[in-house]
Amino acid sequence: MNRLQNKVAIVTGASSGIGRATAKLFAAEGAKVVVAARREAELATLVAEIEADGGQAVALAGDVTLEAFNARLVAAAVEAYGRLDIAYNNAGTLGEMGETTGVSEQGWNDTLAANLTSAFLGAKHQIPEMIKHGGGSVIFTSTFVGYSFAFPGVAAYAASKAGLIGLTQALAAEYGPKGVRVNSVLPGAVDTPMYRDMNDTPEATSFITNLHALKRVALPEELARSVLYLASDDSSFVTGTASLVDGGVSITRT
Ligand SMILES: NC(=O)c1ccc[n+]([C@@H]2O[C@H](COP(=O)([O-])OP(=O)(O)OC[C@H]3O[C@@H](n4cnc5c(N)ncnc54)[C@H](OP(=O)(O)O)[C@@H]3O)[C@@H](O)[C@H]2O)c1
C-alpha cells in the first residue's frame, strides 16, 4: 500500500482493460490519477469507482493521437494536483490487420498514430513537467508481437509497438540525466476486450494460450502490478528497458 503516495499520474487507455486496472491500482497505492481515453461514460464510471474506494482521480476524454489533447492532459494534472510524476501511455489499437500487401496507407498511418505517435506526443508534453519537480517515470505499453514473436497479418501493429522500444531507449538516454526514467512493458496475451476481439473462437483461444509457458493468458491486474513496479521507486535504477511480462511466450517454442 501507498507505494505511490504523493505522486500524480496520467494513465491513457483507462476506459478499458490494462489501463483501467492500472489506474485503479495506482489510485489504491495513493496516487492522484488523471484518466484518459475517448469514451467519457466509461471514464466517469472509473472515477466513481476510484472515489468510492477512497482514491482520487479526474477524467479527461479525448484522442491521444492529437497533440493538443496530450498537452491538455498534462495541464489537467497540474491544475487538479499541482504536478506530474508518472505517465503510463498505454492507449493502443490493433489497427488495420490482414495481409500486409493489402493494408491501406491510411490504415498503416492510423495504427502508427494511435500506438507510436501518441507515445511521442505524450512524452513530449509530460517530460518537461516531470523535470520541474526533479524527474519522474514514463511507461509505454509495447508487446511481445514484433519483439520476440511474429504473427502474420499484424505488420502495422508490430511495427508501431516495436517502434516504442526505440522511443523508450532514446528518451531514457536523453532524459535520464534529468531524473526521468522511461520504460516499456511488453505484455503477453491479456484478457481484455482487445484480446477477445482477436481471439473469438475456442481454436484461437487455445492457440494463443498454448504459446505461453504458463499455458494461460494474463489478467489485466497482473499487468497493472508490473506497471506499478515501473512507476514506483521500487524500480528507481530501471530505465530504458523492454520489460517482458509475457507468461513465457518469448521462451516457448511448443
Ligand atoms: N490485451 C493484450 O493481449 C495485449 C497484449 C500486448 C499489448 N497490449 C497493449 O495493451 C494496451 C492496452 O490494451 P488492452 O488490451 O487493455 O485493450 P482495450 O481494452 O481495447 O483498451 C484499449 C484502450 O486504449 C484506448 N484508446 C485506443 N485508441 C485511443 C485513442 N486514439 N485515443 C485515446 N484512447 C484510445 C481505448 O479507449 P477508448 O476506446 O475509450 O478511446 C481503451 O481504453 C494497448 O496498447 C495494447 O496494444 C495488449
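Biologist: Which helix gives the most to the shell around the ligand?
Modeller: That is H6, which contributes three residues to the shell, and please keep in mind that this is a predicted model. Helix H1 (17-28), helix H5 (155-175) and helix H6 (193-198) are the helices that each supply at least two shell residues.

Biologist: How many residues surround the ligand, and which are the closest?
Modeller: The ligand is surrounded by 29 residues, and the closest of them are Ser16, Arg38, Tyr157, Lys161 and Thr192. Sorted by class, the shell holds 12 nonpolar, 13 polar and four charged residues.

Biologist: And what about Arg38, how far is an N or O atom in its side chain from an oxygen atom of the ligand?
Modeller: The distance there is 2.6 Å, taken from an N or O atom in the Arg38 side chain to a ligand oxygen. Arg39 also places a polar side-chain atom by a ligand oxygen, at 2.8 Å, and for Tyr157 the corresponding distance from a polar side-chain atom to an oxygen of the ligand is 2.7 Å.

Biologist: How much of the ligand's area does the protein bury?
Modeller: The ligand on its own exposes 880 Å², and 93% of that area is buried by the protein.

Biologist: Changing topic to pockets, where does the ligand sit?
Modeller: The ligand sits in the largest pocket, whose volume is about 1,100 Å³. That pocket has a lining of 41 residues, and those nearest its centre are Gly92, Thr93, Leu94, Tyr157 and Met194.

Biologist: Which elements give two or more residues to the lining of the largest pocket?
Modeller: Those are H1, H5 and H6, and the largest share of the lining, five residues, is supplied by H6. By class, the pocket lining divides into 20 nonpolar, 16 polar and five charged residues.

Biologist: What lines the largest cavity?
Modeller: Its lining is made of Thr12, Val64, Asn70, Asn89, Ala91, Ser118 and Ala119, which by class gives three nonpolar residues, four polar ones and no charged residues.

Key
Residues are numbered from 1 along each chain as its sequence is written. This is a predicted model: local features need pLDDT of at least 70, side-chain atom pairs count only at pLDDT 80 or more; totals for chains, interfaces and linings use all residues. Side-chain values use heavy atoms; hydrogens and water are left out. A residue is near a molecule or strand if one of its heavy atoms lies within 4 Å of it. A polar contact is a pair of N or O atoms within 3.5 Å; within protein, one must be able to donate a hydrogen and the other to accept it, and residues adjacent in sequence count only if both atoms are side-chain atoms. Accessible areas come from the Shrake-Rupley method with a 1.4 Å probe; for residues, only the protein chains shown count as cover. On a 1 Å grid over the protein atoms alone, a cavity is a set of points where a 1.4 Å probe fits but cannot get out, and a pocket is an open set with protein on both sides within 12 Å along at least five of seven lines; lining residues have an atom within 4 Å of a point. A molecule sits in a cavity or pocket if more than half of its atoms lie within 2 Å of its grid points. Helices (H or I, at least four residues) and strands (E, at least two) are DSSP runs, numbered from the N terminus. Ala, Val, Leu, Ile, Met, Phe, Trp, Tyr, Cys and Pro count as nonpolar, Asp, Glu, Lys and Arg as charged, and the others, Gly among them, as polar. Grid points are joined across faces, edges and corners, and a volume is the space filled by probe spheres set on the points.
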